[in-house]
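Thanks for coming. Please have a look at it before I start.

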Amino acid sequence: MSLNKKLTLSFIFAILVAILIISFISNKMINDRFDTYLIDERNKKFETIREDINELFLQKGSSITSDDISNYAKMEGIYIEIKDLNDTMICNANNNMPHHRKMMNNMMKGHGKMMNSYLKNTSGAYRKKAFPLIQDEKQIATLIIGYFDNAHLTESALIFKNTLAKSFILSGMITTVLGLLISIFLSKGLTNPLISITETANLMRNGNLNARTNAPTSTKEIMELSDSINYLAETLEKQELLRKRYASDISHELRTPLTTLKSHVEAIMDGVWEPSYEHLNILMEEIDNMTKLVDDLRNTFQIFEGKLSINKTLFDISEEMKNIIFLFTPIFEKEGFSLEYSIEDNIQISMDKDRLKQIMYNLLSNSMKYLYEDGKVKVKLCKEDKHIKIIVEDNGSGIKEEDIPHIFERFYRTDVSRDRKTGGTGLGLSITKTLVEAHGGSIHVESKFGIGTIFTILIPSSM
Ligand code: ADP
């Protein structure tokens, strides 16, 4: 069932139930109260009649006649009878209305008398009430008043009750129509934006990732849903773009070394190039570059797929940093560069040891790539408040100011032709940044073109 239909039906159902309950309760309460009022009024009237007839009886005694009391009977539509204390009737009176005669006969079996009423509603039970006629506080005769149980329901009372019932039915109808209109309006307000969101989601499902929903709504939850769908579309679109860019970047990255390899091997096969050690070493370097690229790609895809694993252990990072530096010193020295360090002792940290090696390897091999003659790299490790700080500083080429904001991006390289030579993939720093951040840390760069570069890493020591 559609939301529209469901909402409208529930709304109407709730309105009908509410109207039924309200009209039932108020109808019943007003009616009861009204009946009590009318019966009270009737009893007061009976009491007045009794007082009048009592007076009359005191004046006339047993010679009282039907004519004396018939006025009361006619006026009030009741039967009146006076009996002495021996239960013998002295006189009686009723309202003579022929069309009621038969019915009265049946009802007044015991009396064999008739009474009439100008009541419309004569379906109530016939009742008698006895009142004492009193002289000097002593009963001298009995006044009997016969009436219909519903005699208090005069025509106007019935009209009043009827009007009341009608007004409930009428207001029920009006409220139902109004409720129907409001519910249609309300459910449209809810379903229209939902339909628009569904349309957007369907467009996205069919591959149109630049579809966005602009559902016109002021409902908080629907606004949030709409925002979420738009965010999802944006993320998917970005990922799709990245995926496409990666695919072309990767094929480009692999094609260049492969072309070089191919042309060199062809040259050797054609006898143009001698398969000497130097020549084969060039091929070897290309293969190394490709191996590094494949490794970097594997890391990048692990990060991309959220499969980056971090296995933390508690260890002495001071010791570990020294080990890494000892490993790199001969490589630096071979190129005529120097690698200095200033390491604060006994710093404990909980992090992934292999990832630390990867971070340092990336930074040190980067700095070595961009050193000139008399190149110098200095590594610093110290503890600061809740962080440990690693600094890798070089006096190499430095990075141009316009490149600085981009160097942590994937595949970003400042000088592609030179990087080709130095074996850069443009992935190293992006991997480094992700690894540092996976440890809750941060990496910053300061660089002056032609002077040197400083990378600073902060890692929370409490992790
Ligand atoms: P690559 O594998 O090409 O070095 P990176 O992501 O590691 O890729 O670095 C991105 C770019 O940042 C490099 O192309 C290089 O131009 C620049 N860069 C990185 N480290 C240094 C450094 N120490 N000195 C100068 N430039 C650097």
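**Salt bridges and a nonpolar patch**

Glu47 counts as partly exposed, because its relative accessibility is 31% (buried is under 20% relative accessible area, exposed over 50%, partly exposed in between, with a 1.4 Å probe and protein chains only). This is a predicted model, where local features need pLDDT of at least 70 and side-chain atom pairs count only at pLDDT 80 or more, while totals for chains, interfaces and linings use all residues. Residues are numbered from 1 along each chain as its sequence is written, and side-chain values use heavy atoms, without hydrogens and water.

Glu47 makes a salt bridge with Arg50, at 3.3 Å from N to O (a side-chain nitrogen of Lys or Arg within 4 Å of a carboxyl oxygen of Asp or Glu). Both sit in helix 1, residues 3-60, 3 residues apart, so about one helical turn separates them (helices are DSSP runs of H or I, at least four residues, numbered from the N terminus). Arg50 is buried, at 12%.

In helix 6, residues 277-304, Lys292 and Asp296 are 4 residues apart, and their closest N and O atoms are 2.9 Å apart. Lys292 is partly exposed at 23%, whereas Asp296 is buried at 6%. Elsewhere, shared partners join Glu81, Lys83 and Asp87 into one salt-bridge network.

How many salt bridges does the rule give? The count is 17.

Last, the surface: a nonpolar patch including Phe11 and Ile174 has about 750 Å² of accessible area together (Shrake-Rupley method, 1.4 Å probe, only the protein chains shown counting as cover). Patch residues have over 30% relative accessible area and no salt bridge; like charges are joined within 9 Å, nonpolar side chains (Val, Leu, Ile, Met, Phe, Trp, Tyr) within 5 Å. Helix 4, residues 155-205, gives the largest share, 7 residues.

Definitions and conventions:
Helix = DSSP H or I, 4+ residues; strand = E, 2+ residues; numbered from the N terminus.
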